[in-house]
Amino acid sequence: MRFLAVDPGSTESAYVIAELEDDALVLEVQAGIVDNVRLREQLPKLSGLHRAIFEFPSTFGSQAPPQVLETCFWVGVFTQAISVPSEKIDRRTVKATLLGSARGSDAEIRQVLLRRWGGDRGVAHGTKAKPGPLYGFKADMWAALAVAEAYAEVQAEKAETQIKSRRRRGHDRVIPTLKTAALLGG
């Protein structure tokens with residue numbers, strides 16, 4: 001399943017186009033940071049996507065600053081502009097999924113991403129002479145990748161829960177697909 005993951009901002013947004021193959025996240029070359037007006041114009045032109053995932057700001061019971069409200073506005077604009085189903089994932093869910101706790105910093109998330117994509121910065125990010133899979137990632141692009149990673153994990157957990165539920169109801173005679181077999185450890 002090919003999807004767009006977006007870390008929206010009040011004036012510009014970071015995005016990653018990724019594919020979920022056999023419960024593993026595969027990055028495409030398309031990732032970057034772009035002005036919100038330009039992103040809105042480009043969204044209807046994107047082809048081959050199955051879904052769009054937008055990080056939605058989390059509030060902690062306090063008054064939201066104007067930038068957060070502007071970001072929420074842009075999530076709505078993007079959702080209307082794209083021609084595929086879209087979902088929201090809040091920042092707390094991203095942190096809890098990647099860090100095991102809703103508390104944590106962007107630096108901690110970046111360290112988790114570097115470990116997942118190669119072990120350390122030298123391998124995952126690489127250098128100009130020897131680029132890694134995350135070469136060129138900067139600023140909010142890390143947050144967009146975190147959205148993609150969290151979405152992929154949540155989808156895998158949902159699939160595993162569905163399989164367990166089917167087994168409890170006696171529907172275990174279904175022949176598992178390659179994807180479900182991988183979830184079952186087979």
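Q: What share of the 186 residues in the protein chain is buried?
A: Buried residues make up 37%; buried means under 20% relative accessible area, exposed over 50%, and partly exposed in between, with a 1.4 Å probe and protein chains only. This is a predicted model, where local features need pLDDT of at least 70 and side-chain atom pairs count only at pLDDT 80 or more, while totals for chains, interfaces and linings use all residues. Residues are numbered from 1 along each chain as its sequence is written, and side-chain values use heavy atoms, leaving out hydrogens and water.

Q: How many salt bridges in the whole structure?
A: Five, each being a side-chain nitrogen of Lys or Arg within 4 Å of a carboxyl oxygen of Asp or Glu.

Q: Which residue does Glu-87 pair with in a salt bridge?
A: Arg-51, with the closest N and O atoms 3.4 Å apart. Glu-87 lies in strand S5 (residues 86-90) and Arg-51 in strand S4 (residues 51-56), so the pair ties together parts that are 36 residues apart in sequence. Strands are DSSP runs of E, at least two residues, and helices are runs of H or I, at least four, numbered from the N terminus.

Q: What about Arg-116, which helix is it in?
A: Arg-116 meets Glu-149 in a salt bridge, 2.9 Å from N to O. Arg-116 sits in helix H4 (residues 106-116) and Glu-149 in helix H6 (residues 141-168). Arg-116 also forms a salt bridge with Glu-153, at 2.3 Å between the closest N and O atoms.

Q: Is Glu-149 buried or exposed?
A: Buried, at 8% relative accessibility. Glu-153 is partly exposed at 21%.
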